[in-house]
Amino acid sequence: MKTPVAIIGGGPGGSASAMFLLREGIKPVIIEKTSFPRYHIGESMSGECGAVLRVLGLEPDMLSRKHPIKHGLHVFGQAKGSWWVPVMARGDDGNLQFQSTWQVPRAEFDQALQDEAVARGATLIQARATRPLLRDDGAVRGVEVRMADGGTQEIESELLLDCSGQSTFLANAGVTGPKYLGSYDKQIAIFSQIKGGIRDVGGTRETAPGNTLIFYKKKYHWAWWIPIDDETTSVGIVCPAAYFVEQKESKAAFITRELHELHPELKRRIPEVKLVEEARAIPNYSYQVRGFCGKGFLCIGDAHRFIDPIFSFGLFIAVKEAQRVAPLVKAYLDGANRDAPNPFADYQLACEQGLDVLEDTIVLGAPARVWHAVAPALLGPDHRCVCRPHLREPALADRDRFPQAA
Ligand SMILES: Cc1cc2nc3c(=O)[nH]c(=O)nc-3n(C[C@H](O)[C@H](O)[C@H](O)COP(=O)(O)OP(=O)(O)OC[C@H]3O[C@@H](n4cnc5c(N)ncnc54)[C@H](O)[C@@H]3O)c2cc1C
């Protein structure tokens, strides 16, 4: 089989990529190993994620499904009370304005996105990608897949998009640069769902029942509360993996106890903890892949980097990257940069720098631009960002420092 673009993974990154490519007149093939609907964690959207869905024309569908509307998040600290972070968007005049976004049950949302990609013209193949196909010069020329009946098939593509999420298909196959542990690799997330928790009653943006709540015990030990329908709330505990191991509890026992011990406000909202979903865990979720674009391939979303669930950046990154690569893919198929060692080097660098800013925002607990503005004054002109030293260096230096990224 031959296709201009093959996409591994029919999650949000893969489905959004397909829809943005279709807008460029490119009909892609999506390869998905799992039969949807399937459970997936990651239910809270940032405002900018909602904005990308609006660009795709999906707002009416999101509204008709009555997904909880998120106007912002309340953060509950231990000592300093709570504070409110509204969802904002930049208007055409460049000024910030209030915006809203959604919280979604991922099984339903991912299925809807995938169905929409197929309805708009993408081809879906139910199969597991097993092996990238390489040319003699190392360029990717497609992928081998194993079908449900056990047979294999070669899918030849001019470009392979890896949207395989935390499976990091091309990184594991050694096609990309190295995969490094991320800043939060010693953390673990344990999560489930409850029904009937006490929500805010609404009336204002701040008291809307669909908002996200975050409860802190300390910096690396916190809980999330994400309403995903009228009744059901996704709850999760994020903490050092060592702490979880020390408790010697099952995942269900651990999360049940933590929901009552981590923060008094969280306990108040769940008078009696009854989990309605299996308790699941994801350890060491933080990583970064270098050299995630190259001849014949591009990685999108979790397939090349995941930082941390706080602030709900994951879905946004996946769909935003899908939006940004589509015109580059079109240009590549039309012949641009075909002979360059990395046809997508500029995009890759811009993408890494943007993600570095998000990572700094998370690590420092404050907008990174604020930190970068004040740090030289506080620490002297030779100061370099504490967590990602290359961030403040010019692009060329970054490429020299990480040659495999170029
Ligand atoms: C604990 C935790 C909490 C999170 N909470 C949030 C949140 O509240 N908000 C948020 O925005 N993000 C959150 N995230 C992140 C979010 O879930 C991901 O960033 C998002 O799902 C990435 O989308 P994706 O399309 O890149 O990958 P995925 O959604 O993982 O999709 C990848 C798809 O590829 C398929 N696939 C994999 N390998 C193959 C193969 N070999 N062949 C064929 N198909 C394959 C998989 O079956 C899957 O369907 C959280 C993450 C974690 C770990």
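This is a predicted model: local features need pLDDT of at least 70, side-chain atom pairs count only at pLDDT 80 or more; totals for chains, interfaces and linings use all residues.
I started at strand β4 (residues 72-76), which runs parallel to strand β14 (residues 212-218) and is joined to it by 4 bridges. Valine 75 has isoleucine 214 in β14 as its bridge partner. My rule for pairing is at least two DSSP bridges between two strands. Strands are DSSP runs of E, at least two residues long, and helices are runs of H or I of at least four, both numbered from the N terminus.

Residues are numbered from 1 along each chain as its sequence is written.

**Whole protein**

I counted 12 helices and 21 strands. Of the 406 residues, 42% come out as buried. Buried here is 20 or more other C-beta atoms within 10 Å of the residue's own, exposed is 12 or fewer, partly exposed is in between, and the C-beta atoms are placed from the backbone. I also looked at contacts with a separation of 6 or more: 69% of them link residues 24 or more positions apart. A contact is two C-beta atoms, placed from the backbone, within 7 Å.

**The sheet**

I then asked which order the strands of the open sheet follow. I read β5-β4-β14-β15-β16-β13-β17, which is 7 strands with mixed pairing. β5 (82-86) and β17 are the edges, each pairing on one side only. From one strand to the next the twist averages 20 degrees. Helix α7 (residues 251-261) packs on this sheet and touches β13, β15 (221-227), β16 and β17, with its direction at about 75 degrees to that of β13. For such angles I use lines fitted to C-alpha atoms, for helices over the stretch in contact, and take 0 to 180 degrees between N-to-C directions.

**Strand β13**

I looked at β13 (residues 187-195) next and found 8 of its 9 residues buried. It pairs with β16 (residues 232-240) in the antiparallel sense over 9 bridges, and there serine 192 has valine 235 as its partner. β13 also pairs with β17 (residues 280-283), again antiparallel, over 4 bridges. In that pairing I see alanine 189 opposite isoleucine 282.

**Helix α9 and its neighbours**

How do α9 (residues 314-333) and α10 (residues 345-364) cross? Their axes come within 12 Å and cross at roughly 160 degrees, so I call α9 and α10 roughly antiparallel. The crossing is right-handed. I take right-handed as the near helix turned clockwise from the far one by less than a right angle, and left-handed as anticlockwise. Ile317, Glu321, Arg324, Val325 and Leu328 of α9 meet Tyr347, Cys351 and Leu355 of α10. I class these as 6 nonpolar, no polar and 2 charged. Nonpolar is Ala, Val, Leu, Ile, Met, Phe, Trp, Tyr, Cys and Pro, charged is Asp, Glu, Lys and Arg, and polar is the others, Gly among them.

Helix α2 (residues 47-55) packs on α9 too, at about 40 degrees and with the axes 8 Å apart, which makes α2 oblique to α9. This crossing is left-handed. From α2, I listed Glu48, Cys49, Val52 and Val55, which meet Leu315, Phe316, Val319, Lys320 and Gln323 in α9. That contact splits into 6 nonpolar, 1 polar and 2 charged residues.

Methods:
Angles under 35 degrees count as roughly parallel, over 145 as roughly antiparallel, 65 to 115 as roughly perpendicular and the rest as oblique.
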